[in-house]
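Hi,

Here is the structure I promised to pass on. Have a look, and then read on for what turned up.

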Amino acid sequence: MRQWIALSLLCMSAFLLPISASAACASPIKFGALTWESGQFISGVLKHIAEDGYGCTIEEVPGAGPALETALSQNDIQVIGEQWVGRSPIMEQAIEDDKVAVIGDTLKGGATQGWYVPKYVLEENPGLRSYQDLPKYADLFKDPEDPSKSRFMNCPSGWTCEIFNTRLLKNTGLDRVFNNVHPGTGAALDAEIASAFEQHKPLLFYYWQPTGLMAKYDFAPLKFPDHDDACWQDLLRADGTASCVSGFPVSPLGIAVSTPFIDNNPELVEAFKKVQFTSDELNGAILEMSENKRSGEEQALVFLREHPNVWQAWLTDEAATNLADKLGIGLTGANITADTVASSVNQTALTSKFPSWSLETPLNNTLASTVQNYGEVFRTISTFALTYLLLPIERLLTVIPPWLIIALVTVLAWFGVRKIWFALACGAGLFLIGAFGLWGALVDTLALLIVSVLVTVVIGIPIGIAMSGSKLLRQIVTPILDVMQTMPSFVYLIPVLMLFGIGKVPALFATIIYALPPLIRLTTLGITQVNHEMVEAGRSFGSTHLQLLIWIKLPQALPSIMAGVNQAVMMSLSMVVLASMIGAPGLGEDVLQSIQTLNIGQGLQAGTAIVIVAIIIDRITQAFGQGKRARQKTIDAGRHPIG
């Protein structure tokens, strides 16, 4: 028996030895999972080269840009597939410390960036050509949330480009005319740009290439002075002091790798150094990837099959042969003949045995058509919500002195809970938020919270009342409420963003959708559970349905309804971070920015502020939502003899 085991192990080692000997990597390679299209595509190409050409084991690690760059400097990951040279202070420091290197030149001629407007804006306004012309044409780009100023669409908070764009706005003096708007995420920025183009609206924004959006729409760059590297290095610093103005550099694109990776994988490093795409190849691949709804790895497979003449020069003969075998294409001498039929078929379709019933394309087309044909209607609704709901409450909260708001909340807390220590704790908590420098963010959050709760109550309670009296209506509405509660919030953020534009209004509607179901359900439950004998007694005295509702059902159901209001308030507050992802200012914006910049202190402060607000609102609304008897018990328990 032992002889058979020994023989089996010998045979297994004989098979495994050639594989391990031919592999270029002694240990698994961890790639940073990039979120933008060009990064996904280039990473996909590199992963296929490493895995299929050189026999390496590949892992992918998700994370935001600064987090991945920090992980690379610590060798927790080994490769970031696309790195813009000279844009990240984290990377510059890591390179200086010899922990990281940027190798290769993946985009021939480098990547460009700048301030753009749609091409039709320049055609309709011939005098607008450079950033110096913007004050004369500022009325084209009015900010709907602040009509007294115009709007510049910056990068999301925490990105390097957000820093130098903010500095440029200040140094050019345009910050006196333009508000610096942060979209929250790259997807939100893309959605706002796409919405503007679909509706033929003017928009001033920062963007870069290579990207699929740049290939899809006609962007027109605004002229800046020639690039000055000394000035640019100062513009990259948030605390920079120079008042200079510089044009944007043409940034080389490279592959960021850790220093240990270079030492341990020289053969693979040599291949990565040779990887290079022309702008047409890369932009075309990104556009094709977007239009065909492919992942970066799927598009990489298509590219590798269709362009063997490009990648063969990057690899050794052995690695090229291995990759060709994995792709299912053949080698003829020095030339590779691609199977054009296989290259045109999406890999997912090849492996799937299910019929294609995807609703993705019809839904996307419907949304695009709605934006084009009815975008003006939704923007009118957005303007109405801003002008008559959000902005007045925000201005009111801004005008009221902070000490008065703190005092009012303290008094309200005492009336609700009748515990002096809790009332003082509420006041101290609000004072702490102000001491953190977050009072302005708190006002933005409270304005959105107040309006969303008011609208939710106005819509939710009548629907709950109607459902309590109609079994058919309950059967129709209940599945809709189930969808509203279980559907991930990110899903309905996309259409809301496209229809209403970036900022407070889409956040308002997204919050209402999220907060409505519990209020409707608890209102219905409270009314249906009213004592039947009390209802019959009311009817015996000749009460109408309306009188029964007002004088018997609603008072008896009030604790349940107030519990629904409490839940609506808390769920609205829980949306503040998600709302910041589509450009809504407030405490959530600080949390999001801290995540993107790895600023632990900022995140803890903003998170603490949200917790304080949540506790205050929860306890006060719970106290006022109690029944009369329960509330009287609370008041009696809070009384203490004096002396």
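This is a predicted model: local features need pLDDT of at least 70, side-chain atom pairs count only at pLDDT 80 or more; totals for chains, interfaces and linings use all residues.

Residues are numbered from 1 along each chain as its sequence is written, and side-chain values use heavy atoms, with hydrogens and water left out.

Disulfides next (cysteine sulfur atoms within 2.5 Å of each other). The count is 2. One joins cysteine 155 to cysteine 161, S to S 2.0 Å. Its torsion about the S-S bond is about -120°, so this disulfide is left-handed. Cysteine 161 is buried at 1% relative accessibility, and cysteine 155 is buried at 0%.

Cysteine 231 and cysteine 244 make a disulfide too, again with S to S 2.0 Å. Here the torsion is about 100°, so the bond is right-handed. Cysteine 231 sits in helix H9 and cysteine 244 in the loop between H9 and strand E11 (253-258), 13 residues apart; helices (H or I, at least four residues) and strands (E, at least two) are DSSP runs numbered from the N terminus. Cysteine 231 is buried at 4%, while cysteine 244 is partly exposed at 23%.

On to the rings. Phe, Tyr and Trp rings (six-membered ring for Trp) pair if their centres lie within 6.5 Å, with planes under 30 degrees apart called stacked, over 60 edge-to-face and the rest tilted. The whole structure has 31 aromatic pairs. Among them is a tilted one, tyrosine 116 with phenylalanine 219, at 5.9 Å centre to centre and 50° between the planes. Tyrosine 116 is in strand E5 (residues 112-118) and phenylalanine 219 in strand E10 (residues 219-221), so the pair ties together parts 103 residues apart in sequence. Tyrosine 116 is buried at 6%, and phenylalanine 219 is buried at 11%. Tyrosine 131 and phenylalanine 224 are stacked, because their centres are 4.7 Å apart and their planes at 15°. Both of these residues, tyrosine 131 and phenylalanine 224, are buried.

Lastly, the charged end of arginine 418 sits over the ring of tryptophan 414, 4.7 Å from its centre (the rule: NZ of Lys or CZ of Arg within 6 Å of the ring centre and within 35 degrees of the ring normal).

Cheers

Note on methods. Buried means under 20% relative accessible area, exposed over 50%, partly exposed in between (1.4 Å probe, protein chains only).
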